[in-house]
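Subject: Structure handover

Hello,

Here is the structure for your work. My notes follow below it.

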Amino acid sequence: MIVNRVGLSPYQCGATAILFAAVLWGTTGVAASFAPNISPLGIGAFAMGVAGIIQAGLAYKKLKLQFACLVQQKNILLLSALALAIYPLAFYSSMRLAGVAVGTVVSIGSAPLFAALLEYLFNTTLSLTKRWLISVVIGLIGIALLAFGEPHMPDLSPLGQTAEQVSEHATGYLTGQAAPQRQLWGIALGLLAGLTYASYAWAARAMIDSGVHSQAAIGGIFGLGALLLLPSLFFTGDNLFSSTGNALVSVYMALIPMTLGYIAFGYGLRHINASSASLLTLMEPVVAAILAVLIVGEVISPLGWFGMLLIMVCLWVQATEKRADDSIGSE
């Protein structure tokens, strides 16, 4: 096995897969900048919806073999699919109302904390390590510095667009409210985004722990989530294929970050718990910011670069931990 050849423990192999997924997700902001007239909610629903159909198709044999196991886990499966559908809507709305920086910090920063809370409430045999606590503190400080250290924050979302583009499509009924009240709504929606992201990551790991193959768990969650997301394209899907550039961006979003990324994410969850996985996905805004500098021409202040350094320290501390107890086998 590759794990043995390169000397990685199962935990470290899972961490590597999660980091790979986060790198792919980090490319979406720059990719979306090449199709600025596509609704961010539309491209989000399309990419996650198509990826969900592909994930379910790839997992067809596993889903068929483990149908009885999935039925036993139907409550978790349905709730996780609902969380998957809510996540992008809450995330974009948070950025619309609270601003890109605040929305990003609240959404991405709260996910590891919510994942840890879910594990604490529902998995009494799992305990958080000192290493994880140190990592999360360093990582949250780093992502806050990165977000607020940029004069023009590149979008850090998994299906990113600029705040101005989001504003044309998300939660328009709140636009007349006073700025402080709108920001509170944005923060609340950011917390909802962090909770829903943590929820489907935790649910996938919980199903894997119960004996469901990782491919079947991810395929089931994304397949049901796609059924919830794709109908929204009737309202948000304008311009997805109105030009060659838009079509290429839409297809790239669906096939590479969302499909390939979540295949790697599902593999990683076989060897790593949801709180650690959520923490490792802090790699995503670092990749997004670096690509924005290199390709889009964004400018990052020294404070932002220092924040990225702290995030990399957080990731190194977390990814190099040798822990075998999270792994449930190589399958």
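First, a definition. A crossing is left-handed if the near helix is turned anticlockwise from the far one by less than a right angle, and right-handed if clockwise. Helices (H or I, at least four residues) and strands (E, at least two) are DSSP runs, numbered from the N terminus.

This is a predicted model: local features need pLDDT of at least 70, side-chain atom pairs count only at pLDDT 80 or more, and totals for chains, interfaces and linings use all residues. Residues are numbered from 1 along each chain as its sequence is written, and side-chain values use heavy atoms, with hydrogens and water left out.

Overall picture

The protein has 17 helices and 0 strands. Of its 331 residues, 57% are buried (under 20% relative accessible area; exposed is over 50%, partly exposed in between; 1.4 Å probe, protein chains only). Contact means heavy atoms within 4.5 Å. Among contacts with a separation of 6 or more, 89% are between residues 24 or more positions apart.

Helix pairs

Two packed helices are described by the angle between their axes and the distance between the axes. Axes are lines fitted to C-alpha atoms, for helices over the stretch in contact, and angles run from 0 to 180 degrees between N-to-C directions. Angles under 35 degrees count as roughly parallel, over 145 as roughly antiparallel, 65 to 115 as roughly perpendicular and the rest as oblique.

Helix 2 (residues 10-26) and helix 16 (residues 283-296) have axes that come within 7 Å and cross at roughly 40°. The two helices are therefore oblique to each other. Their crossing is right-handed. On the helix 2 side, L19, A22, V23, W25 and G26 take part; they meet M283, E284, V287, A288 and L291 of helix 16. By class, this contact has 8 nonpolar, 1 polar and 1 charged residues. (Ala, Val, Leu, Ile, Met, Phe, Trp, Tyr, Cys and Pro count as nonpolar, Asp, Glu, Lys and Arg as charged, and the others, Gly among them, as polar.)

Helix 7 (residues 74-98) and helix 12 (residues 214-229) cross at roughly 55°, with axes that come within 8 Å. This pair is oblique too. The crossing of helix 7 and helix 12 is right-handed. Helix 7 contributes L77, L78, S80, A81, L82, L84 and A85; helix 12 contributes G220, I221, F222, L224, G225, L228 and L229. The contact has 11 nonpolar, 3 polar and no charged residues.

Helix 9 (residues 130-148) and helix 17 (residues 302-319) come within 7 Å, axis to axis, and cross at roughly 160°. That makes helix 9 roughly antiparallel to helix 17. Their crossing is left-handed. Its contact has 14 nonpolar, 6 polar and 1 charged residues.

Single residues

I76 sits in helix 7. I76 is partly exposed, with a relative accessible area of 23%. Its C-alpha atom is 9.5 Å from that of S199, 123 residues away along the chain. Leaving aside neighbours within four places in sequence, I76 is in contact with A203, A206 and M207.

Most residues other than glycine have a negative phi. N239 is not a glycine, yet has a positive phi of about 70°. N239 lies in the loop between helix 13 (233-236) and helix 14 (244-268). N239 is partly exposed, with a relative accessible area of 34%.

Best wishes
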